[in-house]
Amino acid sequence: MAVEALARSEGWLDARATSREVVFEDEKAALTIDVAEGPVFELSRVTVDGARSWEPERVRAAIDVRPGIVYRPGLADIARAGVLTAYQRDGYTSARVRVRPVVDRASESVTLAVDVDEGRRQRLHEIVVEGAVDTDSRVVDRALQLAPGTPVDPAAWNQARKRLYDTGVFR
């Protein structure tokens, strides 16, 4: 029922709604829905498993949520996206992240269990520019703003490509 879904999306994970029989009177109809919200569930903690090169606190910082907030079902997806993006920006382009909400009805709380498979970290080895015969290589270097030895960051590479095309030297 839509009323239950709405209540659950706001942290009442045990919300129940039941509709009574429709009452007709002349040209009007009335539908009464009884809602038992139940308790509001809060985020109690975030656990991290599988992180080898990052400390658990760094993984938690990528999620950017704090215990004590009202738990909403979409929070696990937001947490996963935050951790995955942070790992990818640090060169872990094949990282896999799974976030499971663990509901504890007795304490009216939810733990987010974050499982990380980092994969291998990739670093930029070298930059080779080809085809820029009439262009000073320093123009390309300034536009790219990439340095050998830095972690491979797909977002930074896309920005570098855009900066290179924005110079107007290349088509």
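In this predicted model, Arg121 is partly exposed, with a relative accessibility of 33%. The side chain of Arg121 meets that of Asp90 in a salt bridge, with an N to O distance of 2.6 Å. Asp90 is located in the loop between helix 3 and strand 6 (96-104), and Arg121 in the loop between strand 7 (109-117) and helix 4 (137-144), so the pair ties together parts that are 31 residues apart in sequence. Asp90 has a relative accessibility of 11% and therefore counts as buried.

A second salt bridge is formed by the side chains of Asp117 and Arg96, again with a value of 2.6 Å from N to O. This pair links distant parts of the chain, since Asp117 belongs to strand 7 and Arg96 to strand 6, 21 residues apart. Asp117 is partly exposed at 35% relative accessible area, whereas Arg96, at 56%, is exposed. Through salt bridges that share partners, Arg58, Asp90 and Arg121 are joined into one network. The structure holds eight salt bridges.

Arg60 forms a salt bridge with Glu57, and the closest N and O atoms of the two are 2.8 Å apart. Arg60 and Glu57 are three residues apart in helix 2 and are therefore separated by about one helical turn. The relative accessibility of Arg60 is 24%, so this residue counts as partly exposed. Glu57, with a relative accessible area of 54%, is exposed.

Helix 2 (residues 56-63) and helix 3 (residues 75-89) have axes that come within 7 Å and cross at roughly 120°. Angles of 65 to 115 degrees count as roughly perpendicular and those over 145 as roughly antiparallel; helix 2 and helix 3 are therefore oblique to each other. Their crossing is right-handed. The loop between helix 2 and helix 3 contains Val65. With a relative accessible area of 13%, Val65 is buried. Val65 is 22 residues from Leu43 in sequence, and the C-alpha atoms of Val65 and Leu43 are 8.8 Å apart in space.

On the surface, a nonpolar patch is formed by Met1, Val22, Phe24, Leu31, Ile33 and Val35, which together have about 560 Å² of accessible area. Phe24, one of the residues in this patch, is placed in strand 2 (residues 23-25). The relative accessibility of Phe24 is 65%, so Phe24 counts as exposed.

Technical notes. Residues numbered from 1 in each chain as written. Predicted model: local features only at pLDDT ≥ 70, side-chain atom pairs only at ≥ 80, totals over all residues. Heavy atoms only, no water. Patch = residues over 30% accessible without salt bridge, like charges linked within 9 Å, V, L, I, M, F, W, Y side chains within 5 Å. Areas by Shrake-Rupley, 256 points an atom, 1.4 Å probe, with all protein chains shown as cover. Salt bridge = Lys/Arg side-chain N within 4 Å of Asp/Glu carboxyl O. Helix = DSSP H or I, 4+ residues; strand = E, 2+ residues; numbered from the N terminus. Buried < 20%, exposed > 50% of the residue type's maximum accessible area, 1.4 Å probe, protein only. Axes fitted to C-alpha atoms, helices over the stretch in contact; angles between N-to-C directions. Parallel < 35°, antiparallel > 145°, perpendicular 65-115°, else oblique. Left-handed = near helix turned anticlockwise from the far one by under 90°.
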